[in-house]
Amino acid sequence: MSKKHAATAAANGHISSHGKAVVLPPNTVRHLAAGFKQQWKRYRKYLRRCQNKFSESAVHGSRVETRRLIAVLELLRPFFKRRLLDQAGTALKRHLDTFDDLRDTQVQLIAVNKLHRGFPAAEDFSRYLRKREARLLRQTRKRVRRIKTRRLATLVSEFRSELKKWRSTTRVTQANALLLKSVDAAFQRTWRLQRLIQPKHTTTIHRTRIAFKKFRYMIETLADLLPGANDKLLSAMQHYQTMMGEIQDAEVLLATFDQFAKKCKGEPRAAARLRAELARRRQWLVRVYMDAAHQLRDFWPENPDTPISDKALSAELRRSATTLHTRAQN
């Protein structure tokens, strides 16, 4: 496909790929408008469930539906006012942050409980994590009950009105082109960060995972309309994200163990052996992901991209390191 042909395809709601094109059907925006309404209902339903009956499954459901609502908003970003969209994103991110420390601790407990037989220090570490989990359960339950959605509901109402105006005044091809541009931008960001991954610095993998997660949820939102977005692709994307997520979990676990080791007066050699095992597992997970990192190119057409600056990358790494340290301290 020539550059001229590719540009024409993009202008008509296509993204070119090796002579082929990703094409969205004419009813895409209408479908997304209905999906947005439905996702907003699901978000409130699962939040209320979590507030009324706090449990592990309720927390998981609320987190998933929050992320999906964020993905719909990101996909529809070209149609909304940036200021209002940022306000909604901040509110939803604050909702997700409510669960982070509790979720991390519960994942850590599962991992450490498997090490009791070979590592005596794991029992003391598990007791430390169980106490932490009990404290975080109380805190998180209170914080979840304080989450309010009135302001967010007002923003969603404005977004739906904006979307209705766009549908009545914008050509289908133009609207579809904007949607594909949103998906492509999310992929390009992931692609740039993935190419800059440094295995010794797992924060580079973590930043790639955050970017990929946004891209993946966009694809899921468009799955019924996007050619090739079948169950096999969606499953492969989930597995790809999980590989990176397990590395982040291992990194947070190590940071938490280091905090535990400073407070614990147990046998130093036993603690050192357990830490070495946790570090070994982290490095193994990094190798597994790096062997499969190239699979990213299978999830979306490759397009020419611009490199991310060293300054921008350094800023991303500092933010990731700060987040990791904060989670370990809590």
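This is a predicted model: local features need pLDDT of at least 70, side-chain atom pairs count only at pLDDT 80 or more; totals for chains, interfaces and linings use all residues.

Q: OK, and how many helices and strands are in the chain?
A: The chain has eleven helices and two strands. Along the sequence the order is α-β-β-α-α-α-α-α-α-α-α-α-α.

Q: How much of the chain counts as buried?
A: 47% of its 330 residues. The accessible surface is about 18,000 Å², and carbon and sulfur atoms make up 50% of that.

Q: Switching to charges: how many salt bridges are there?
A: The count is 15. One of them joins the side chains of Arg-42 and Glu-65, at 2.9 Å from N to O. Arg-42 sits in helix α2 and Glu-65 in helix α3, 23 residues apart.

Q: Is Glu-65 buried or exposed?
A: Glu-65 is buried, at 3% relative accessible area, while Arg-42 is partly exposed at 28%.

Q: What does Arg-282 pair with?
A: Arg-282 forms a salt bridge with Glu-251, with the closest N and O atoms 3.2 Å apart. Arg-282 is in helix α10 and Glu-251 in helix α9, so the pair ties together parts 31 residues apart in sequence. Arg-282 is buried at 18%, and Glu-251 is buried at 13%.

Q: And where do Asp-97 and Lys-93 lie?
A: Both are in helix α4, four residues apart, or about one turn.

Q: Which residues are linked in a network of salt bridges?
A: Glu-74, Arg-77, Arg-82, Asp-86 and Lys-214.

Key: Residues are numbered from 1 along each chain as its sequence is written. Side-chain values use heavy atoms; hydrogens and water are left out. Buried means under 20% relative accessible area, exposed over 50%, partly exposed in between (1.4 Å probe, protein chains only). Accessible areas come from the Shrake-Rupley method with a 1.4 Å probe; for residues, only the protein chains shown count as cover. A salt bridge is a side-chain nitrogen of Lys or Arg within 4 Å of a carboxyl oxygen of Asp or Glu.
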